[in-house]
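Visitor: I would like to learn how to read helix packing and ring pairs in a model. Please show me the structure and take me through it.

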Amino acid sequence: MLEKAVIFAANAHRGQKRKGTSMPYIVHPMEVAVIASGMTDDIEIISAAVLHDVVEDCDGYTFTQLEQEFGNKVASLVAMESEDKSRTWQERKQHTVDFLKNEATFEMKIIALADKLANIRSLKRDFQKVGDQLWLRFNEKDKRKQGWYYKNVLYGLQELSEYPAYEEYEQLVYDVFHDVL
């Protein structure tokens, strides 16, 4: 299943680059899967980690298609990690924070932590290179709002605090946003 998910995600993300970089997009979901595999050996969770951005960020892919290819559990996990791009940045991020604090299962939190850790690793690398110019590449350019989001995700993921990935995420939130938190 994991091999099939990697091939599926690589095809879906073909030609995409990470925002503001020349890095092939597929590097991100692969990193998310590696991080998730450090917290679980559940192949469906790891497969969902690889696939987590396919419906949200790739044209022509649906949750129904993921369910047909990978089953209900994988499709449901991907759906829970996907944002509704028709909403504003603030609405999407508030929904994610509320979901993680109040509704997300342990399995969903593993994928969320893996995704957010991969994202903040990238933010720190890029921040060290370009400083506050980094925020100009995003729809939400206010570093304080970005910091609010990453800090509140941390609170929503406290159930995973015994994992090294959580500790790393917590440290990186401080490293990147200490001046605005």
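Visitor: How many aromatic pairs does a search of the whole structure find?

Guide: A pair of aromatic rings is described by the distance of the centres and the angle of the planes. Here the search of the whole structure finds ten aromatic pairs. Rings of Phe, Tyr and Trp (its six-membered ring) pair if their centres lie within 6.5 Å; planes under 30 degrees apart count as stacked, over 60 as edge-to-face and the rest as tilted. One of the pairs is F8 with F70. Their centres are 5.4 Å apart, the planes stand at 90 degrees, and the pair is edge-to-face.

Guide: A word on the source. This is a predicted model, in which local features need pLDDT of at least 70 and side-chain atom pairs count only at pLDDT 80 or more, while totals for chains, interfaces and linings use all residues. Residues are numbered from 1 along each chain as its sequence is written, and side-chain values use heavy atoms, with hydrogens and water left out.

Visitor: Which helices hold F8 and F70?

Guide: F8 lies in helix α1 (residues 2-12) and F70 in helix α5 (residues 63-70), so the pair ties together parts that are 62 residues apart in sequence. Helices (H or I, at least four residues) are DSSP runs, numbered from the N terminus.

Visitor: At what angle do α1 and α5 pack?

Guide: Two packed helices are described by the angle between their axes and the distance between the axes. α1 and α5 pack at about 150 degrees, with axes 11 Å apart. Axes are lines fitted to C-alpha atoms, for helices over the stretch in contact, and angles run from 0 to 180 degrees between N-to-C directions. So α1 is roughly antiparallel to α5; angles over 145 degrees count as such, under 35 as roughly parallel, 65 to 115 as roughly perpendicular and the rest as oblique. K4, A5 and F8 of α1 make the contact with Q65, L66, E69 and F70 of α5. Contact means heavy atoms within 4.5 Å.

Visitor: How do the axes of α2 and α3 cross?

Guide: Helix α2 (residues 27-37) and helix α3 (residues 43-51) have axes that come within 7 Å and cross at roughly 155 degrees. They are therefore roughly antiparallel. In α2, P29, V32, A33, A36 and S37 meet I46, A49 and V50 in α3.

Visitor: And which residues join α6 to α8?

Guide: Take the angle before the residues. The axes of helix α6 (residues 72-81) and helix α8 (residues 106-130) come within 10 Å and cross at roughly 50 degrees. The two are therefore oblique to each other. K73, L77, M80 and E81 of α6 touch E107, M108, I111, A112, D115 and K116 of α8.
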